[in-house]
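Hi,

Here is the structure I promised to pass on. Have a look at it first, and my notes on its charged side chains follow below.

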Amino acid sequence: MASFHSLKTLFVVALALAFFVQVTLGDIACENLNEESCAFAISSTGKRCVLEKHLRRSGEEVYTCRTSEIEADKLRDWIETAECIESCGVDRNALGISSDALLESRFTNKLCSSACYKHCPNIIDLYFNLAAGEGVYLPKLCAEQKENGRREMAEIRSSGFVSPAPESEVKPLDFMIAPAMPPL
């Protein structure tokens with residue numbers, strides 16, 4: 001009977017400890033994260049964390065983590081693993097969130113690799129939404145990337161100008177724009 005009682009007590013203590021650990025570790029607030037764990041983290045409210053750099057009057061650079069307005073799809077309480085950071089080619093010290101990386105074929109190769117695309121849902125969700133904001137469907141981009149390894153993402157370029165391929169005979173046009181007249 002004594003062993004049943006001690007087993008029951010051990011079970012209750014283990015359950016209480018598991019609950020305590022879940023409560024203390026389960027709530028991620030971006031403002032409480034350090035520089036090394038901020039980028040690509042998701043708070044307990046489902047908002048993405050953003051690493052920002054501030055310059056003090058003394059000239060010292062200070063990094064802070066804050067909650068962005070960007071929501072993650074179905075993910076909460078998430079600090080990205082080192083394996084996904086490496087597999088997807090993202091930088092743990094990245095400041096802000098931008099779709100500019102999608103323009104680089106080296107980055108897109110890593111993002112679309114099976115090591116990243118199939119095993120890192122947080123990073124894929126982030127870049128899926130960033131690409132969608134630029135009018136690009138990430139699965140289609142990855143399919144094109146696999147077919148044409150060195151193809152650039154000309155459709156995302158904000159300028160709308162696509163330079164011809166090096167072997168092309170087409171020359172880019174120079175448009176002369178007249179200066180705007182000041183108001184009278």
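I counted seven salt bridges in this predicted model, taking a salt bridge as a side-chain nitrogen of Lys or Arg within 4 Å of a carboxyl oxygen of Asp or Glu. Before the details, some bookkeeping: residues are numbered from 1 along each chain as its sequence is written, and side-chain values use heavy atoms, with hydrogens and water left out. As the model is predicted, local features need pLDDT of at least 70 and side-chain atom pairs count only at pLDDT 80 or more, while totals for chains, interfaces and linings use all residues.

One of the bridges joins Lys47 and Glu71, at 3.7 Å from N to O. Lys47 sits in strand β1 (residues 47-55) and Glu71 in strand β2 (residues 61-71), so this pair ties together parts that are 24 residues apart in sequence. (Helices, H or I with at least four residues, and strands, E with at least two, are DSSP runs numbered from the N terminus.) Lys47 is buried at 19% relative accessible area; buried means under 20%, exposed over 50%, and partly exposed in between, with a 1.4 Å probe and protein chains only. Lys47 and Glu71 also belong to a salt-bridge network that includes Glu69.

Next comes Arg48 with Asp125, at 2.8 Å from N to O. This pair links distant parts of the chain, 77 residues apart: Arg48 is in strand β1 and Asp125 in helix α6 (residues 121-133). Both Arg48 and Asp125 are buried.

Then there is Glu86 with Lys110, whose closest N and O atoms are 3.7 Å apart. Glu86 belongs to helix α3 (residues 82-88) and Lys110 to helix α4 (residues 105-111), so here too the bridge ties together parts 24 residues apart in sequence. Glu86 is exposed at 55%, and Lys110 is partly exposed at 35%.

(Lys and Arg count as positive, Asp and Glu as negative; His and the chain ends are not counted.) A polar atom of the Arg92 side chain does lie 3.2 Å from the backbone oxygen of Glu36, and one lies 3.5 Å from the backbone oxygen of Ala39. Leaving aside residues up to four places away in sequence, Arg92 touches several others, among them Leu51, Ile79 and Ile85, with contact meaning heavy atoms within 4.5 Å.

Cheers

Methods:
A polar contact is a pair of N or O atoms within 3.5 Å; within protein, one must be able to donate a hydrogen and the other to accept it, and residues adjacent in sequence count only if both atoms are side-chain atoms.
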